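Welcome! Please take a moment with the sequence and the 3D view below, and then follow along as we walk through them together.

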Amino acid sequence: MHPVRQPVLAAGLTALATAATLGLAPGAAVAAPAASPSISVNWFGTADGRAHTATVGGRFDCGAERGLAYIEVHLEQRRGSVIGFGFGVIGACTDERTAGTWTATIPADQGRFRPGPATTIARLVIEPNSITETTEPVRLRPRCARP
């Protein structure tokens, strides 16, 4: 049998004791972390110059959160010369409804949204205390008038 060095043996026993204390000993069950809420923005939106609005959308996932939910959207175009703020109503995150799509129509505070690049800041708010945010580029296309 080979002699074991004291520092190696001590380190091994310390690691084993730490794992046992944390509940990570062989055979111990490890709980999966709770899923976090998430939000994304579609690559394309629409600009309606006549109405001074833009419409953007995307997907949301409530994760493990439950409660009243809505989307806050800030849209900026042409380096801040046109900005707007709007809401997307999604209802509630429940056990039956944990993910879906959202749409928000944003009125311009001043100026007009036009076709071209823009920046979207979208927040998924799940009451009472969950906020998830993303900042993503979006390309606004002209809104086609319906006959």
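## Strands side by side

Nine bridges join strand S4 to strand S7, and the two run antiparallel. Within this pairing, His74 has Ile121 of S7 as its bridge partner. Strands here are DSSP runs of E with at least two residues, helices are runs of H or I with at least four residues, and both are numbered from the N terminus. Two strands pair if DSSP finds at least two bridges between them.

Please keep in mind that this is a predicted model: local features need pLDDT of at least 70, side-chain atom pairs count only at pLDDT 80 or more, and totals for chains, interfaces and linings use all residues. Residues are numbered from 1 along each chain as its sequence is written, and side-chain values use heavy atoms, with hydrogens and water left out.

Strand S4 also has S5 alongside, again antiparallel, with eleven bridges joining the two. One example is Ala69, whose bridge partner in S5 is Gly91. S4 and S5 form a hairpin with four residues between them, and in that turn Arg78 has a positive phi of about 55°.

## The whole chain

Of its 147 residues, 31% count as buried, where buried means under 20% relative accessible area, exposed over 50%, and partly exposed in between (1.4 Å probe, protein chains only).

## A buried glutamine

Where does Gln77 sit? Its place is in strand S4, residues 67-77. Gln77 counts as buried because its relative accessible area is 2%. Leaving aside residues up to four places away in sequence, Gln77 touches several others, including Val82, Phe113, Pro117 and Leu140. Its side chain also reaches the backbone oxygen of Pro117 at 3.4 Å.

## Salt bridges

A salt bridge is a side-chain nitrogen of Lys or Arg within 4 Å of a carboxyl oxygen of Asp or Glu. By this rule the count comes to four, and three of them are listed here.

| Salt bridge | N to O distance |
|---|---|
| Arg66 and Asp95 | 3.0 Å |
| Arg123 and Glu72 | 3.4 Å |
| Glu133 and Arg123 | 2.6 Å |

Take the Arg66 and Asp95 salt bridge, at 3.0 Å. This pair links distant parts of the chain, 29 residues apart: Arg66 is in the loop between S3 (53-61) and S4, while Asp95 is in the loop between S5 (82-93) and S6 (99-107). Arg66 counts as partly exposed at 33% relative accessibility, whereas Asp95 is exposed at 62%.

Which residues are linked in a network of salt bridges? They are Glu72, Arg123 and Glu133.

In the salt bridge of Arg123 with Glu72, the N to O distance is 3.4 Å. Arg123 lies in S7 (residues 116-126) and Glu72 in S4, so this pair ties together parts that are 51 residues apart in sequence. Glu72 is buried, with a relative accessible area of 17%, while Arg123 is partly exposed at 22%.

Glu133 meets Arg123 at 2.6 Å, N to O. Because Glu133 lies in S8 (residues 130-142) and Arg123 in S7, the pair ties together parts that are ten residues apart in sequence. Glu133 is partly exposed, with a relative accessible area of 45%.

Notes: Polar contact = N/O pair within 3.5 Å; in protein donor to acceptor, adjacent residues only side chain to side chain. Contact = heavy atoms within 4.5 Å.
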